[in-house]
Amino acid sequence: MHRTWLVTFILKRLLYAVPLVVAVVVVNFILIKAAPGDPVTVLIGDYPATQDYIDQIRAQYGLDQPLHVQLWLYLSEVAKGNLGESLSQHQPVAALLLDRLGQTVKLTLTALAIATVAGVALGTIGARWRGTPVDSTTQGVTLLGYSVPEFWLGQLLIIVFAVNLGWLPLGGAQPVRGSDFTWLDVLPYLVLPALALSFRYTALIGRMTRASLLEVDSADFVTAARSRGLSDWQVLARHTVRNASPPVVTVIGYNLGYILAGSVMIETVFSWPGIGRLLYESITKRDYPVMTGILLMISISVVLANLLTDIVHALIDPRVGRS
Amino acid sequence: MSDRGEIDRDRALEAELPVTVAEPQPGPESSGQMPRRRPVAELWRRFSRSKPAVASLVWLLVVVLVAAFAGVLQTSDPFSGGADALKPPGTAGHLLGSNHLGQDTWSQLVHGARVSLLVGFAVAAAATVIGVVVGAVAGFFPGWADSVLMRVSEFFQTLPRLVLALIIVALFGSSLVGMIVVVSILSWPQTARVVRGGVRTVRSAAFVDAARVAGMPSGVIIWREILPNVLSQIVVIASLDVAMAILTEASLSFFGLGDPNFVSWGGMLFLAQAYLRSAWWLAVFPGLAIASVVLALNLVGDGLNDAFNPRLKER
Amino acid sequence: MPTRRTVLVGTLATLGLTACAGTGGGSGAASSGSTKPKQVIIVTDSDPDSLNPGLTTGYQALDVNVKVYEGLVWLDKEGKPQPQLATKWVASPDNLTYTFTLREGVKWHDGSAFTADDVKYSFETLLKDNARAQGVIKQIASVTIPDATTVVFKLKAPYAPFMSQMKAFDTPILCKAVYDGKGDVKANPANRAPVGTGPFKFKEWKTGQSVTLTKNTAYWAPGQPKVDELVFRIIPEAQNRVNAIVAGEVDILPAVMLPQANIKDIEGKPNINVNKQTAIPALYFMLMNQANPALAKVEVRRALAAAIDRPRIVTQAMGGLALPGFGSWGQGFPWATNKDSSYDKLYKLDPAKAKADVAAAGGVAGGLRITFDAARPQFAATAQIIKDNLAQVGVEVKLEPLERSVFSDKVYAKRDYDLALQSFTSSGDPAIGFHRLYLTNAGRTANVNATGYGSAEVDKLLGEAAANPDQAERGKRYQQAQVILDQAVPTLILFDELQADVNRTTITGLYVGVNPADQFGQVDVK
């Protein structure tokens, strides 16, 4: 592996990433400012307030400056790590996001783990018994995963397992009463949302695994290995897996953004107190600093995930990096 | 495969689609080796080999008919409710039950089909047109147009489609037209990328060089020689676009961001949230409708993909 | 040999499990202390925006703040003021001067002494911009403190509801020493860790999860508070709040946090008590913009009133937790309600007649838009029913749900609407909350009369009702005004909200005052 190549590669990718993130922030900022509705009225509430007070709030949040000034101020603050202050909670946005991030990470990582295990299993089974009813079944299951709306699946899971069978709680991330929970207390709350969230990615990973395994299977070096007398399992372990995994890994990595999007829906259905739910709340409250903060966080995560995936792919794909 | 040393991100990004859209091979027809058989008939023959695909097509036709004749099929006006709220399926006058306002679930279901199909097909049409134009141009003229397209696509990739749609619709208000516009804008980059890839592959084929040497203007070359070869991919992507658009509309409506002046399946699921405990039918039926239509569309897309590329069926 | 792939997958899985364990909220170590504190759990739907009641009017903050802060008085079940931070009060014969004698020996939560300075500072500085306190502060000409335990308020004109606004909900007393000379009030850390005189002290605030208050052991009332901790659990999803109270995971579900449509899921369940009352009446109504030529005609408005099925709205949009619109003041204040004039008499539900009337008046060209706050499901359901009702009389209605600030802007600032749904609370007296429905108002500020209706006679009657402290006299004025307003029906009253507070039967000592959020010092757990 050429070390210098890898380093330049990473640097190039990082270079691409920065303007991308900035573009995202600028576009979001413009969108939010262009939208109708005045955040100040959100703060005033139901009662008539004096014009002085309204002006005061406006000045305090810098809402009276021209757009490009506001944008510039925002970008320079972001560069310093200051994401502004929430209009509805009067708290630093960065602190608010970090507070809630843990819950979303917990949910998405669990879902990802489930999806990876189940998806790879489904895909491998399908490839191994290709053309048989087993294959058709796994293919059907994965197709279902694409077609079913995640939030509906969440609703169904709640109806069946929480309302009717009563095995699992109806929502939330932890028991309401008490404090100092162990992970055992929290686990029942994680099951349904993680399952609902993982469905789509199980399908994605399953499909990619199957396709990739089959493609490698028909490659020359595999045929050669087989003709040398290696058993199916040996071929699998030594050649197929190594060559089939890059596309699967890239699928997982590049779709991280979509898992985040999925978490918005799932967190809403299950009242999961994470970033997705916070995004929804901030939209309904027109809490612009929080909205832009979350968008920034999501886009940075996606860019980082893409970068990480690129690197991992470069490391494990035997075809890459050889000149 | 793209340049050595670079990772073909296109392929992996394409993986978000349920089918691996194959790159076009300049077919035997254009190299004059085999006699031309009626291509459409041939296509149909291959398509109909897959029973699920045919069944899905039939189902889609059924849904389209239901949507078209919703006014006739309804048992009551979907908006007019009454005193019979939250009745379970099977009650008199409410085949599939009624909601909290006494509105009939079956009638809402058949009218909801209109919105879902309308949004789905409108978005796919718009996204396809824009995507084809942009993708063809970018693929045929390498250089700055191409880089700009790639950057724009990457930009749209960085932000999950749903989140952006959520924010736009929430901020600017919900209306059917608005939603179609927003979702189309977020969908075309995918088509464009696939078309670009396909165009680039075909661009270097012999018959294209021949046309260029013969002095044909670029536009004509794209239209007459290249696009027909990329057509298969466009059609497959379009069918998947419809599925995606229906799901996105459902998601937006589920957040309460749908147009309240129309009944939509997603909107029904939004209202069902409050009654999961007491009225399961409000969530089950619209969800089944969405899932079945999207599944059918995916299977049709799958079938089309196989029909266009029989060689890959060996996989 | 483990491939890189298995390593990757393994890492992911481990990360997943570690994340599970890590954010569990505790290391699982044995909790210190043998007895668990006596806790009462109240559910709320989001974080308070601030715990400084001078800065916020949101209910989430209010619920917490009235347990931490106190007012000069509190209102009992009959609405009569009872001593809280003031032990005695005297009104001058002309009702322009109120003299309060303050309670002695009261301490702030930080140990310092409560004095008249705090009262003066609160009224003059900390509360002066507060929307909820506006109504009464506007009426105050001066606040003077002759000594450390006496406060004298001089009013600009007699103001009947004055005493009923001296409570913690409207004019809580804040600590001067905490805010005075400490820079910007809005940046003061006490806004997130309040210092009050109430039965409960602030303990901690886990954003997105809970706000915890603990017993004030130095509270001035003997034997209070009875419980050790109050926890406000944040559950944003309406359904989950319902599930939580039914499952016993929370003890108290305040009316504001209850999705009315789901009351059927709660009533009748074991160990649940539902307390319904209209102690603080709130009206839900439909504004009709007279800028629309059809709605400017009183015949059209009357026809619409006779077309709208108010009982159905009560059943389906409010789960039965409302009283159908009675007349222009609703029926929350019986002394102000004119029983002889009512919607039932004037506008009995009759779609056929209404349809004929609308046609006779020239019809409604182009249909009507109905605009409402998208975030409130009761409005959405109400709007749907109204749409259905008006379809029967030949008027096409288009639904226009808008985000709250956009709604405010469109309806009040721009007056760009046809029909609009809104709700106002009376805050305990029609003069505080309901006058703004009908007073002539050409201005463009929010939450006032935006219909374009104005009547000099009604204005005069309402002015007199606000000034006169005698309830019988006030009642006469309101009833006279009601007759005029019922006939003109500029704004159609849809229903009086019935507040339904829910609590588990293990909790006692609730509902002592007129407002269920009050007087938690007396609450106990069986």
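Helices (H or I, at least four residues) and strands (E, at least two) are DSSP runs, numbered from the N terminus. With that in hand, let's look around. This is a predicted model, in which local features need pLDDT of at least 70 and side-chain atom pairs count only at pLDDT 80 or more, while totals for chains, interfaces and linings use all residues. Residues are numbered from 1 along each chain as its sequence is written, chains are lettered from A and ligands numbered from 1 in written order, and side-chain values use heavy atoms, leaving out hydrogens and water.

Most residues other than glycine have a negative phi, and most peptide bonds are trans. Chain C has some exceptions: C:Gln224 and C:Pro225 are joined by a cis peptide bond, with omega about -5 degrees. You'll find C:Pro225 in the loop between strand S9 (210–215) and strand S10 (229–234) of chain C.

Then there is C:Asn95, which is not a glycine but has a positive phi of about 60 degrees. C:Asn95 sits in the loop between strand S4 (86–91) and strand S5 (97–102) of chain C. C:Tyr511 also has a positive phi, near 60 degrees, and belongs to the loop between strand S20 (507–508) and strand S21 (524–525) of chain C.

**Rings and charges**

Two aromatic rings (Phe, Tyr, or the six-membered ring of Trp) pair if their centres lie within 6.5 Å. Over all chains, that gives 23 aromatic pairs. One aromatic cluster in chain C is made of C:Trp329, C:Phe333, C:Trp335, C:Phe434, C:Tyr438 and C:Tyr478.

Charges can sit over rings too, which requires NZ of Lys or CZ of Arg within 6 Å of the ring centre and within 35 degrees of the ring normal. Here are two cases:

| Charged residue | Ring | Distance from ring centre |
|---|---|---|
| C:Arg192 | C:Trp205 | 3.9 Å |
| C:Arg436 | C:Phe424 | 3.8 Å |

**Where chains A and B meet**

Counting contact as heavy atoms within 4.5 Å, 68 residues of chain A touch 56 residues of chain B. The buried area (accessible area, 1.4 Å probe, that two parts lose on being put together, summed over both) is about 5,500 Å² between chain A and chain B, and carbon and sulfur atoms give 70% of it. A:Trp152, A:Gln155 and A:Tyr258 supply 11% of the area that chain A buries against chain B, more than any other three residues.

**Salt bridges**

A salt bridge is a side-chain nitrogen of Lys or Arg within 4 Å of a carboxyl oxygen of Asp or Glu.

Over all chains, the search finds 25 salt bridges. One of them pairs the side chains of A:Arg100 and A:Glu281 (3.0 Å, N to O). A:Arg100 lies in helix H5 (residues 93–128) of chain A and A:Glu281 in helix H12 of chain A, so this pair ties together parts that are 181 residues apart in sequence.

Methods
Rings of Phe, Tyr and Trp (its six-membered ring) pair if their centres lie within 6.5 Å; planes under 30 degrees apart count as stacked, over 60 as edge-to-face and the rest as tilted.
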